[in-house]
Every structure is written in structure tokens, then in C-alpha cells.
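Please have the sequence and the 3D view open.

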Amino acid sequence: MADYITIEHSPALSGRVVVAGAKNSVLKLMAASLLIEGVTVLQNVPHIADVEIMGQVLQALGVKVNWTAPHELTLDGHHLASHTAPYELVAQMRASTAVLGPLSGRCGQARVALPGGCNIGSRKIDMHIAGLEALGAQVCIEHGYINVQVPASGLLAAEVLLEFPSVGATENLIMAAVRAQGTTIIKNAAREPEITDLVTFLQEAGVGIEGAGTAELAVTGTTKVNEVCHRVIGDRIEAGTFLVAAAMTRGDIEVEGVDPDHLDIVLRKLEAMGAHIERGPQSIHLHDADKLRAVDIQTLPYPGFPTDMQAQFMAADAIAEGSSLVTENVFENRFMFADELGRMGADISIEGHYALVKGGTSLSGAPVISPDLRGGAALVLAGLVAEGTTTVHDVYHIDRGYEDFCSKLASLGARITRQSEPD
Ligand code: EPZ
């Protein structure tokens with residue numbers, strides 16, 4: 001039985017919503033727990049499908065995975081039974097490749113199914129492999145698996161320059177370097193807040209890392225990584241999604257549990273659209289959004305505009321006054337949801353990685369299909385302002401990254417429900 005979401009035209013959203021822990025951090029922290037020959041406790045862990053899958057990957061490797069409190073995971077990695085991340089799990093979630101670095105560091109070998117591409121792009125891993133080879137590992141692709149073999153003498157620190165500040169490659173390299181001899185320098189490293197959360201986690205576990213949040217990281221290898229208890233940062237993309245929903249409905253909401261600095265450029269774009277925003281230490285208040293003005297967006301690595309907010313802003317631009325240009329620079333194929341938005345009446349023309357959005361259109365409800373996680377969320381947002389009824393299908397995409405998405409929106413006044421399709 002597949003679930004679908006029904007949305008009616010909704011009033012201005014109002015109230016307070018607390019975001020969960022960041023999906024794109026917790027998955028890597030779970031992988032990093034493989035470096036610890038002991039117990040890791042993670043708090044503020046979201047109940048989302050991707051966390052369940054990463055839990056299964058760790059269990060396949062021999063880690064005992066337990067929910068020890070509503071949003072707390074305890075991972076016991078004393079004894080690993082395998083160094084293989086099986087295809088049936090990696091195929092469900094690309095982020096499973098985050099075990100490559102820690103397994104190579106801890107076990108001296110790793111066997112991880114090669115993740116195919118996904119709806120948003122080819123998702124290559126050449127920089128992950130080049131990074132591991134720079135630390136002295138032998139890497140070969142065979143039978144659909146990435147096979148990493150570390151010499152008996154272990155990984156050796158090196159200076160690695162990334163061609164592009166890839167989030168995944170930076171994380172795998174940091175985690176492999178933790179068990180290399182000497183200090184590894186990673187140049188052109190990614191600077192996303194989730195990377196800094198991983199660095200903080202490893203520092204709390206006793207690892208020497210310099211340069212968090214900058215493009216140059218220095219990771220000093222160690223043979224002993226201590227047990228740790230860490231609170232995951234708030235999910236900036238979940239927070240940004242609720243803020244765009246509030247701006248589109250000209251609402252007044254308070255989003256809590258996230259550092260506003262992690263969303264700096266997103267908040268500036270919302271202000272340019274006409275929203276009023278107040279920033280608290282761990283909260284953001286959006287209110288009195290005037291008639292939305294369209295804004296141009298170009299996605300870039302952090303601190304540039306996050307590609308994971310592109311779809312939500314395109315939905316806002318579709319109803320805003322004026323035309324806008326949306327440029328997707330990070331993934332090759334992240335406009336698939338635009339066709340679905342077109343079914344609701346949006347006027348969007350795509351040319352390569354450019355989308356020209358003619359705003360000022362009033363959307364009408366329609367049955368639409370989520371092509372991916374963020375595209376699905378953006379279609380729900382469009383449903384909040386569309387005339388009539390919108391039904392969003394393939395919501396399993398949304399479940400991958402949003403905890404209780406419907407009930408949180410409903411708590412802000414959205415007219416939204418979730419049903420199951422009869423078999
Ligand atoms: C992470 O993906 C996030 N996923 C993505 O969020 C996010 O969009 C992306 O970073 C960028 O911010 C997780 O953290 C689980 P990249 P990742 O390596 O690590 C190319 C969401 O919606 N590339 O920075 O896969 C790659 O093809 C998801 O929550 C290579 O060419 O992103 C892509 O075009 C979607 N070779 C670009 O770099 C490599 O070896 C950015 O990829 C690695 C990457």
C-alpha cells in the first residue's frame with residue numbers, strides 16, 4: 001500500500017515548529033562510529049527512512065544499533081564482523097558509501113557496493129577513490145563493488161587537493177585520515193555545517209583536526225578513537241523548507257532547533273522576496289511576508305545557496321511577482337520536479353542547468369509525483385497555495401529526509417493529510 005499526501009489550499013501558516021537533527025550529518029556520524037572500538041551515543045537523531053537504512057548497513061557490519069531514547073541512538077562497535085556494505089542496502093541509499101573511509105581506516109579493507117546514479121545526477125565517487133589512493137590504499141571496482149585494500153603498514157597521511165568541494169569525498173577522506181599515520185591536509189574541502197558537525201564529533205572522540213569550516217582541513221591520525229556522546233545539529237534544510245512554506249502562505253512562524261547562521265544566504269533570499277525575519281540563537285521567526293517578489297537563485301557549495309533548497313525556492317518563484325532565473329550548479333539533473341509543478345500551472349522553461357521561471361501564476365491543485373526528496377517537499381509547498389486539491393504520490397522520497405512532515409505542517413495550520421492507496 002503506497003501512501004500519498006492530500007493538500008487543500010491552506011491559510012497563512014502560523015505557530016512554532018521544531019526541526020529534527022540533520023539528515024546529512026547524522027548519516028555520516030553513524031558511519032564515523034565505525035572508527036570507535038566501543039560505544040557511540042547520538043542524540044537529536046531524526047526518525048527518517050535514511051537513518052533506518054544506515055542502521056541496517058551498520059548492523060550488516062556487526063555494529064549493535066539500538067534506539068535508547070525517543071531521538072537517541074546507541075551504536076556498539078566493539079566488534080565488527082564484516083567490512084562489506086551490501087548492494088541491497090547501498091542501492092537504497094547512496095550515503096551508505098560514507099562507510100568507505102572509516103572501514104578502510106579501521107579494518108584496513110572495505111567492500112562497498114558501487115552506488116548507481118540517482119534522479120538528480122550521476123553522483124560519481126572518483127574523488128572518494130582518489131583520496132583513498134592518495135593515503136596509500138589500493139582501490140579497484142569489481143563485480144559492482146568498490147574494493148579497498150590498505151597495505152599492512154597502514155594508511156599514510158598525505159596532502160589531497162579536491163577538484164570540487166565534494167561533501168561526500170571530504171567526509172570519507174576525513175574519516176580515513178583519522179587512522180592514517182601523520183597529518184593529512186585536505187585542500188578545497190567542503191565547508192557545509194554537516195562537515196563541521198562531523199569534525200566536532202571526532203574532536204570530542206579525541207582526534208586532532210584543525211580548520212573546521214574552512215577549505216583546508218588538517219587531520220592528525222591516531223590509533224585510539226574514544227567513545228563519545230554527541231548531539232546532532234539541527235536540520236537547516238528542513239528549517240528552510242518550513243520557512244519557504246510560511247513565506248508562500250504569507251504566514252508567521254517560529255522555527256526552532258537550528259542555527260540561523262547555517263541558513264544565512266537562504267534567509268537573505270527570503271528577505272529579498274519580501275519576508276521579515278528575526279534570528280535567535282537557535283531559532284528563526286518569519287513574518288509579514290509582503291506579496292512575494294521573485295528572486296534569482298544559483299546553487300553552489302556552502303556557504304553558497306544550497307542545492308537542497310533549490311526546488312522549494314522554485315515553487316515560491318512560480319507564484320511570486322516577476323520572472324527569475326534558477327541555476328543548478330551542483331547536480332546535473334535536479335529540475336525533474338519542475339514538470340510536475342508545470343502540471344499545477346507553473347510557467348517554467350528549462351535549458352540545461354538553467355530554469356527560467358515566469359512568476360505571478362496562480363497554481364491549481366493536481367495529482368503529482370515526487371521525483372526525489374526535495375522535489376517532493378516542494379510539490380507539497382505548492383499544494384498549500386494552489387486552488388483546489390493536490391495529491392502528491394511516491395511520498396517515500398519525502399520520508400527519507402523529513403520526520404513527520406505532514407503533522408508538522410498541519411500543526412502550523414496547513415490543510416494536509418496522509419492516506420494509503422488501496423492495493
Ligand atoms: C551531499 O551529497 C548531500 N547528501 C546532498 O543532499 C547534497 O545535495 C550534496 O551533499 C551537496 O550539498 C548527503 O549528505 C547524504 P557531493 P553528496 O559529493 O555527498 C560530484 C539531500 O537532498 N562529485 O558534494 O553526494 C557529484 O556528482 C541530498 O539531502 C563527483 O563528480 O554531494 C555532484 O554533482 C541530495 N565526484 C557534486 O560533485 C565525486 O567523487 C556534489 O556532490 C564526488 C562528487
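## Terms and basis

A salt bridge is a side-chain nitrogen of Lys or Arg within 4 Å of a carboxyl oxygen of Asp or Glu. Side chains of opposite charge can pair when their charged atoms come close.

This is a predicted model, in which local features need pLDDT of at least 70, side-chain atom pairs count only at pLDDT 80 or more, and totals for chains, interfaces and linings use all residues. Residues are numbered from 1 along each chain as its sequence is written, and side-chain values use heavy atoms, with hydrogens and water left out.

The whole structure holds 14 salt bridges. One of them joins Glu-340 and Arg-343, at 3.7 Å from N to O. Both residues lie in helix H11 (residues 336-343), three residues apart, about one turn of the helix. Helices (H or I, at least four residues) and strands (E, at least two) are DSSP runs, numbered from the N terminus.

Glu-340 is buried, at 16% relative accessible area. Arg-343 is partly exposed, at 44%. Buried means under 20% relative accessible area, exposed over 50%, and partly exposed in between (1.4 Å probe, protein chains only).

## Pairs across the chain

Asp-50 and Arg-400 form a salt bridge of 2.8 Å, N to O. Asp-50 sits in helix H2 (residues 49-61) and Arg-400 in the loop between helix H13 (396-399) and helix H14 (405-411), so the pair ties together parts 350 residues apart in sequence. Asp-50 is buried, at 0% relative accessibility. Arg-400 is partly exposed, at 25%.

Arg-179 forms a salt bridge with Glu-37, with the closest N and O atoms 3.6 Å apart. These two residues are 142 residues apart and link distant parts of the chain.
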